[in-house]
Amino acid sequence: MASAPQPGGPEATPITLPQRLLDALSADPESPARAWLAELPELVRRRLRDWELTLERVPSPGGRSSLIVLVRQADGTPATLKLPAPGADARREGAALAHWNGWGAARLLRADPEGGALLLERLHSAVSLRSLPEAKALLEAAGTVRRLWVPPAEGHPFATVEARTGEGVETLRLIAAGPWAADARALVDEALERRAELAGQSPEQLLLHGDFRQGKVLAGDRAPWLAVGPAPLVGERAYDLAQLVLDRCEDLAAGSGPAAAVRRRIAKLADSLEVDRDRLRGWTLFRAVETGLRHAAAGDRRRGELLLEFAGWL
């Protein structure tokens with residue numbers, strides 16, 4: 001027979017969901033994420049109970065696609081409980097973290113294969129590489145991402161770069177057909193041509209972070225800097241590195257000679273990590289156009305136009 005809930009135990013713990021998460025996932029009344037949000041406080045309490053965790057707090061503003069809860073394990077060791085919104089991405093994130101086993105990324109302590117919950121090594125979430133000067137941040141980022149590029153395990157669950165980038169090609173063409181995107185159509189055509197060329201002749205099949213940028217690298221105790229929040233894929237390093245080229249693009253736009261600064265960044269990152277410059281430029285172009293169009297279509301025209309302008313500098 002199950003024991004009765006203890007006063008002050010997980011069953012009595014109030015769980016307040018961050019407003020950012022609610023806003024991001026509750027807009028669509030047909031989305032399955034709405035039902036997940038309604039169940040989320042109970043899901044947290046269940047993980048606290050089953051994994052013998054003590055809740056410290058729910059950080060705010062938090063993320064847009066997962067709930068982060070700071071906890072203590074039974075022996076008092078701090079940890080982070082992450083509950084991603086439903087979907088295969090949560091399982092792939094856990095598989096990637098398990099494969100890295102703390103090498104360059106936060107260590108996975110436990111995983112719930114059904115619900116997708118992850119118990120992770122606690123990092124210093126308030127201190128990311130974005131807190132460093134640009135040159136130092138890029139140097140540390142390059143050293144971190146290099147550790148993540150390893151062969152995937154046999155029978156891995158990850159999509160390839162070719163498959164993932166191919167999924168949205170028609171959607172991008174439709175977005176680009178809108179009247180506001182008329183000036184970007186030549187860039188879209190070039191980006192899609194480069195994507196077809198690059199994806200069709202990938203020189204390597206390595207495990208990639210998938211969303212690697214300075215804000216995804218946090219300070220740690222076990223190592224100075226560790227990556228979090230992967231959207232893992234299998235493919236070439238140039239695709240992963242392209243997101244880092246795009247990072248803090250607003251800083252480049254605000255400076256003098258942004259086009260020359262972008263080219264210097266590509267050359268520096270490509271040479272330091274032994275990645276082909278032209279392939280890095282091509283994937284950066286594709287990711288800039290793709291991300292820019294999606295931001296603009298979602299209503300963030302300012303961010304979208306900045307990324308399309310960035311693509312034009314390439």
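Predicted model: local features only at pLDDT ≥ 70, side-chain atom pairs only at ≥ 80, totals over all residues.

Biologist: What is the make-up of the fold, in helices and strands?

Modeller: The protein has 12 helices and 10 strands.

Biologist: Why is the protein called as compact as a globular protein of its length?

Modeller: Its radius of gyration is 21 Å. The globule rule gives 20 Å for 314 residues. The two values are close, so the label holds. The C-alpha atoms fill a box of roughly 65 × 40 × 40 Å along the principal axes. Of the 314 residues, 49% count as buried.

Biologist: What share of the contacts comes from residues 24 or more positions apart?

Modeller: They account for 68% of the contacts with a separation of 6 or more.

Biologist: How far apart are the mean positions of the positive and negative charges?

Modeller: They lie 4 Å apart, for 41 positive and 42 negative charges.

Biologist: Now helix H2. Where is the kink in this helix?

Modeller: At Glu-39, shortly before the proline Pro-41. The kink is about 50°, in a helix that spans residues 32–50. Pro-41 is also one of the buried residues of H2, as are Trp-36, Leu-37, Leu-40 and Arg-45, among others. Their cover includes helix H1 (19–25) and the strands E1 (54–57), E2 (66–72) and E3 (78–84). After H2 comes Glu-52, with a positive phi near 55°.

Biologist: Why is Asp-247 called buried?

Modeller: Buried means under 20% relative accessible area. Asp-247 has 8%, so it counts as buried. It sits in the loop between helix H8 (237–246) and helix H9 (249–254). Beyond its sequence neighbours, Asp-247 touches Arg-130, Arg-213, Gln-214, Gly-215 and Arg-265.

Biologist: What makes Lys-216 buried rather than partly exposed?

Modeller: The value is 18%, and the cut-off is under 20%, so Lys-216 counts as buried. The residue lies in the loop between strand E7 (206–208) and strand E8 (217–219). Among its contacts are His-209, Asp-211 and Leu-226.

Biologist: Why is Asn-101 called exposed?

Modeller: Exposed means over 50%. Asn-101 has 51%, so it counts as exposed. The residue is in the loop between helix H3 (88–100) and strand E4 (108–111). Its phi is positive, about 50°, although Asn-101 is not a glycine.

Biologist: What makes Glu-274 exposed?

Modeller: Its 63% is over the 50% cut-off, so Glu-274 counts as exposed. Its phi is positive too, near 55°, again in a residue other than glycine. Glu-274 is in the loop between helix H10 (258–272) and helix H11 (277–297).

Biologist: Which residues does the cis peptide bond join?

Modeller: Ser-60 and Pro-61, with omega at about 15°. Pro-61 is in the loop between E1 and E2.

Definitions and conventions. Residues numbered from 1 in each chain as written. Heavy atoms only, no water. Helix = DSSP H or I, 4+ residues; strand = E, 2+ residues; numbered from the N terminus. Rg over C-alpha atoms; globule rule 2.2 N^0.38 Å. Buried < 20%, exposed > 50% of the residue type's maximum accessible area, 1.4 Å probe, protein only. Contact = heavy atoms within 4.5 Å. Lys, Arg positive; Asp, Glu negative; His and termini not counted. Charge placed at Lys NZ, Arg CZ, Asp CG, Glu CD. Bend = angle between axes of the 7 residues up to and from the residue. Lists of a residue's contacts leave out its neighbours within four places in sequence.
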